[in-house]
Amino acid sequence: MQLLIKGIEDYMIPCLNKKLFGFECLGCGFQRSVALLIKGEFVESFLMYPALYSLIALFGFIVVNTFKSFKNGNKIISILAILNIAVIVLSYLIKLYFK
């Protein structure tokens, strides 16, 4: 398993925004966070990219709602999407402020 994870880290895509402009984008840290999650390092994964868990909840609900429609499914998806945007922007601003 460790060999597989090491292989994943070798093929991560670099941030084009960071290479061209010198500062991170809103998605920086997502790939590394997923790799940490696969390794089982849940706290480190959260600290790397806090929105990962809310994104998993959003996409998980979308998949479940596709097969079994809920009464207020679209409203729940909208709320989860707004929550995700808020978490992404807030964590990005915190990262910028404390760096």
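The model is predicted, and local features need pLDDT of at least 70, side-chain atom pairs count only at pLDDT 80 or more, while totals for chains, interfaces and linings use all residues. Residues are numbered from 1 along each chain as its sequence is written, and side-chain values use heavy atoms, with hydrogens and water left out.

**Cavity and pocket**

Both kinds of space are found on a 1 Å grid over the protein atoms alone: a cavity is a set of points where a 1.4 Å probe fits but cannot get out, a pocket is an open set with protein on both sides within 12 Å along at least five of seven lines, and lining residues have an atom within 4 Å of a point. Points are joined across faces, edges and corners, and the volume is the space filled by probe spheres set on them. One cavity of 30 Å³ or more is counted.

| Space | Volume | Lining by class |
|---|---|---|
| Largest cavity | about 50 Å³ | eight nonpolar, one polar and one charged residues |
| Largest pocket | about 210 Å³ | seven nonpolar, three polar and four charged residues |

In these classes Ala, Val, Leu, Ile, Met, Phe, Trp, Tyr, Cys and Pro count as nonpolar, Asp, Glu, Lys and Arg as charged, and the others, Gly among them, as polar.

The lining of the largest cavity includes Cys25, Cys28, Tyr49, Ile88 and Lys95, and helix 6 (residues 73-98) contributes the largest share of it, four residues. Helices here are DSSP runs (H or I, at least four residues), numbered from the N terminus. Around the largest pocket there are 14 lining residues, of which Ile13, Cys15, Gly29, Gln31 and Arg32 lie nearest its centre; helix 3 gives the most to this lining, with three residues.

Buried means under 20% relative accessible area, with a 1.4 Å probe and protein chains only, and the buried residues of helix 5 are Ala51, Leu52, Ser54, Leu55, Leu58, Phe61 and Asn65. These buried residues pack against helix 3, helix 4 (42-48) and helix 6, where contact means heavy atoms within 4.5 Å. Leu55 touches Phe30, Tyr49 and Asn84, leaving aside residues up to four places away in sequence.

Methods. Helices (H or I, at least four residues) and strands (E, at least two) are DSSP runs, numbered from the N terminus. Buried means under 20% relative accessible area, exposed over 50%, partly exposed in between (1.4 Å probe, protein chains only).
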